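Open the model in your viewer and keep the selection panel at hand. The stops below go from one selection to the next.

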Amino acid sequence: MSRRETYEQKTEELLLPLMEQHHFELVDVEYVKEGGSWYLRAYIDKPGGITVDDCEVVSRALSDLLDEHDFIEEAYILEVSSPGLGRPLKKDKDFARSVGEEIEIKTFRAVNHQKDFTGILREYDKEKIVIEVENQETMEFDRADIALVRLAFDF
């Protein structure tokens with residue numbers, strides 16, 4: 001397991017009791033480097049949507065826990081936020097909740113000369129994702145070939 005994955009997993013373990021306490025859902029944790037700075041991000045949600053106050057409560061509690069456990073070597077910026085409109089789908093529960101919804105898939109390599117696909121999520125398992133595109137045609141993608149899956153949104 002990489003250092004990044006270890007930090008994400010340990011942070012998730014610290015967050016889960018907080019999520020239960022506040023009846024929130026932990027959507028994702030990521031530890032990434034952007035513009036020369038490390039960011040530890042926690043994405044949380046609840047029915048009806050997460051508020052700024054919800055994020056603040058979790059951020060303060062998580063910050064205290066991270067200081068107490070002190071397992072991240074580098075300096076980092078902590079962010080707690082909602083997953084936003086283009087919510088990524090990563091876990092089985094995300095896919096289960098989104099069957100019948102329109103999703104966007106980005107692949108690592110081109111498939112039929114394109115990398116971006118939009119369709120209705122019809123099926124998923126640990127190996128593949130099936131979407132329905134125009135004219136009720138289906139497309140199947142190996143999960144190993146997918147860079148990103150998220151809910152589609154129109155303005």
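Start with a term: a residue is buried under 20% relative accessible area, exposed over 50%, and partly exposed in between, using a 1.4 Å probe and protein chains only. This is a predicted model, in which local features need pLDDT of at least 70, side-chain atom pairs count only at pLDDT 80 or more, and totals for chains, interfaces and linings use all residues. Residues are numbered from 1 along each chain as its sequence is written, and side-chain values use heavy atoms, with hydrogens and water left out.

**Stop 1: two loops**

Select asparagine 135. It sits in the loop between strand E6 (128-132) and E7. Helices (H or I, at least four residues) and strands (E, at least two) are DSSP runs, numbered from the N terminus. Asparagine 135 counts as exposed because its relative accessibility is 76%. Check its backbone: phi is positive, about 60°, although asparagine 135 is not a glycine.

Now go to histidine 113. Its place is the loop between strand E4 (102-111) and strand E5 (114-124). Here too phi is positive, about 70°, and histidine 113 is not a glycine.

**Stop 2: methionine 139**

Select strand E7 (residues 138-142) and pick out methionine 139. This residue counts as buried because its relative accessible area is 17%. Which residues does methionine 139 contact, leaving aside its neighbours within four places in sequence? They are Phe117, Ile129, Val130, Ile131 and Val133. Contact means heavy atoms within 4.5 Å. Then draw a distance to glycine 119, 20 residues away along the chain: the C-alpha atoms are separated by 8.8 Å.

**Stop 3: the open sheet**

Show the open sheet of 3 strands, ordered E1-E2-E3 with mixed pairing. Two strands pair if DSSP finds at least two bridges between them. At the edges are strand E1 (25-34) and strand E3 (76-81), each pairing on one side only. On average, neighbouring strands of this sheet are turned by 15° against each other, direction ignored.

Zoom in on E1 and strand E2 (residues 37-45). They run antiparallel, joined by 9 bridges. One to pick: glutamate 25, whose bridge partner in E2 is aspartate 45.

**Stop 4: the helices**

Axes are lines fitted to C-alpha atoms, for helices over the stretch in contact, and angles run from 0 to 180 degrees between N-to-C directions.

Finish with helix H2 (residues 52-69). It packs on the sheet and touches E2 and E3. Its direction makes about 145° with that of E3.
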